[in-house]
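Let's take a walk through this structure together, one region at a time. Please keep the viewer open as you read.

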Amino acid sequence: MALMLPGSAVAKVSRVIVDTVIAAEKVPGAPDYEIVSGHFEGTLDPRLPGNSVITDISHAPRDEKGLVPYSATFRLARPVDPAKASGVLFYDVPNRGNFMIGADADGHVRLVSGWQGDLPADAGLQTATVPVAKGKAGKPLTGPVLVRFQDVPSGTRSVDITGSIGRPTPRPAPVSLDTRKAGLFYQTAGSAVRHPMPARDWAFADCTNIPFPGTPDPHKLCLRYGFDPARAYSLVYTGKDPLVLGIGFAATRDLVARLRNAPDDVAGAVRWTVASGTSQSGNFLKSFVNLGFNADEAGHIVFDGINPNIAARQVPLNLRFGVPGGAARAFEPGSEGTLWWSPYNDKVRGLGTTSLLDRCTISNTCPKVIETFGSAEFWGLRMAPGLIGTDAAQDVPLPANVRRYYFPSVTHGGSWTGGFKPAGDGAVPGCRLPGNPNPSLESLRAAQAMLVDWVRSGAEPKPSAYPTIAGGDLVKADAQAMGWPQVPGTPDPARMLNVMPNYNFGKGLRHRDVSGVLTALPPKQLGTIPQLVPRVNADGNETSGIASVQLQVPLGTYLGWNEATTGFDAGGGCSFIGGFVPFARTLASRQATGDSRLSLEERYGNHAGFVARVRQAVAQQQAAGWLLPRDAERLLQQAEDSTVLR
């Protein structure tokens, strides 16, 4: 039954406009595909409960029917012959507008669309166009804004005022360029002390060509004496004209609902819908469900199944002046709300008993969930409280509709190049150790295939496999508790953990939903939330979860952490990048360095012995259901072609 208020107009995706249709590249085993690119337009009734949760939608401009308009891009891959389609619509949430799409060997229709309204319009990105919220009588709507600047090269005098990582996005203009009405402070490495900078020594200005105070510019920050790379600067000011970014959730909901419930020439017949999101876009899926968007405006389920992958938090999208492209850095929101799939009483932060599935449970629209993540999410992105709560006292159980699979000893997202590399993935700029070459993609593909089967046929996926307190797998982040071996050339793991502050962003924030207005900036820190990490074996590799073939036949120690060697964070964790410490080739070479780990020759003898071990691990992984046939063949060839013990 449609949920409509008396007198309300129909809100929906009103138009789907196809701009181009081109042939897709051939994929072995897949039918012929074509790529459909275009955009869609929609409207939202701000009075509907499913939309009123969107921050500032009540301040958004409306059309003549009282509805809030928006638009977004999309791209869809579909079989040329509709008879060869599987009936599954697989939605891949873009990450900062980035996406990959093409033919699918399983015959699924693949879909991406824009949701992040602060991205610039770009032919290579999926973007959304959302309205600017206004105050009474059209006056600017305002609120606090914080922007952090770190590792600015020495001598730099002016920088852009932007947010996000990976793809900087512009921050809102200040209400006033008068620096006495704003604040700038700096901190030095390892210190929480905030040193305020006099208003006379900085300006909202561009000093690239004209010396301080430069040319007034609301989107640039200039310092009289230039930036010091040993300092991290935080600018706090009152901004104006916020974008209604939370509309991105509704845009995704309504596009998928239209393609699912009103089949047309774009997607064809859709029987089942599945979504996957990686990192930021996995956080998007958690917030999407938490905020109730898995029920469309008629109360029907949107996604039958979801796969939040390497996603440790909620996405800070539904905020006034939100920065959805952040990544668990200082003063950034995202971890403050509900992080668990079953009810948990967050006494530490006083949030009461909540779960990510509360709203969809009420509307009977909860999806089947397969959550996947790896080591870097524990070390760099504060994953632990989602498993053990904010008191770290015991495991938070999973409900029947959720499976959790852990990919041990991988960097963020695992190595995308894969293979068997005795020297690792090469040097990582700014990090001490080579890149971690341990992949998780093969296991992820197997998990996603389980999710599709679960949705389509009801076939139960494999039992959850992840580290727990009860199993003795989760311990304090120090060498002794972890069982860290004697590995030459490695830093103290205790310094590598990204601490989780207990932030209070003020009364304007609806903490459980990471929604509303951040009224206290910088946030007040009320202590830290305890975190635990997985223990390791004698090789320094993690022992719980779904080990890849590479981890079962290791060439070294695969880490979810690395050490920063340059910049403000030097000596601590190197973002959420994992490192690698190769095994010595021979017994003599490892003894010469005091390495407690067995050498490659001690383990495998020669190249043929190594390949034989890989072949055995591949067979076991396939039999266990964690390796698809096409991936098994590729791994065997990679082992044969590798330089291991040649």
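This is a predicted model: local features need pLDDT of at least 70, side-chain atom pairs count only at pLDDT 80 or more; totals for chains, interfaces and linings use all residues.

Strands of a sheet pair through backbone hydrogen bonds, either parallel or antiparallel. Here four strands make up an open sheet, ordered S7-S17-S11-S12, and the pairing is antiparallel. At the edges are strand S7 (142–149) and strand S12 (195–196), each of which pairs on one side only.

Now look at strand S11, residues 183–188. Strand S11 is joined by six bridges to strand S17 (residues 231–240), and the two run antiparallel. You can trace this pairing by its partners: leucine 184 has leucine 235 in S17 as its bridge partner, while glutamine 187 stands opposite alanine 232 in S17. S11 is also joined to S12, by two bridges, and this pair runs antiparallel too. There, tyrosine 186 has histidine 195 in S12 as its bridge partner. S11 and S12 form a hairpin with six residues between the strands, and in this hairpin glycine 190 takes a positive phi near 80°.

From the sheet, let's move to a loop. Between strand S15 (215–216) and strand S16 (220–223) you will find aspartate 217. Which residues does aspartate 217 contact, leaving aside its neighbours within four places in sequence? They are Phe204, Ala205 and Asp206. For a sense of scale, pick glycine 567 as well: its C-alpha is 27 Å from that of aspartate 217, and the two are 350 residues apart in sequence.

Next come the helices. Two packed helices are described by the angle between their axes and the distance between the axes. Helix H2 (residues 247–261) packs against helix H3 (residues 280–290) at an angle of about 85°, and their axes are 11 Å apart. Angles of 65 to 115 degrees count as roughly perpendicular, and H2 and H3 are therefore roughly perpendicular to each other. On the H2 side the contact is made by Gly248, Phe249, Thr252 and Arg253, and on the H3 side by Phe284, Ser287 and Phe288. By class, these contact residues are three nonpolar, three polar and one charged.

The second pair is helix H12 (residues 607–623) with H13, whose axes come within 9 Å and cross at roughly 170°. An angle over 145 degrees counts as roughly antiparallel, so H12 and H13 are roughly antiparallel to each other. In H12, His607, Phe610, Val611, Val614, Arg615, Val618 and Gln622 meet Pro629, Ala632, Leu635, Leu636, Ala639 and Glu640 in H13. The residues of this contact divide into nine nonpolar, two polar and two charged.

Rolling a probe the size of a water molecule over the atoms shows where empty space is left. The volume of the second largest pocket is about 1,700 Å³. It is lined by 50 residues, and the closest to its centre are Asp92, Met100, Arg110, Trp416 and Leu441. Which element gives the most to the lining? That is H7, with eight residues. Sorted by class, the lining has 22 nonpolar, 16 polar and 12 charged residues.

Conventions:
Residues are numbered from 1 along each chain as its sequence is written. Side-chain values use heavy atoms; hydrogens and water are left out. Contact means heavy atoms within 4.5 Å. Axes are lines fitted to C-alpha atoms, for helices over the stretch in contact, and angles run from 0 to 180 degrees between N-to-C directions. Angles under 35 degrees count as roughly parallel, over 145 as roughly antiparallel, 65 to 115 as roughly perpendicular and the rest as oblique. Ala, Val, Leu, Ile, Met, Phe, Trp, Tyr, Cys and Pro count as nonpolar, Asp, Glu, Lys and Arg as charged, and the others, Gly among them, as polar. On a 1 Å grid over the protein atoms alone, a cavity is a set of points where a 1.4 Å probe fits but cannot get out, and a pocket is an open set with protein on both sides within 12 Å along at least five of seven lines; lining residues have an atom within 4 Å of a point. Grid points are joined across faces, edges and corners, and a volume is the space filled by probe spheres set on the points. Two strands pair if DSSP finds at least two bridges between them.
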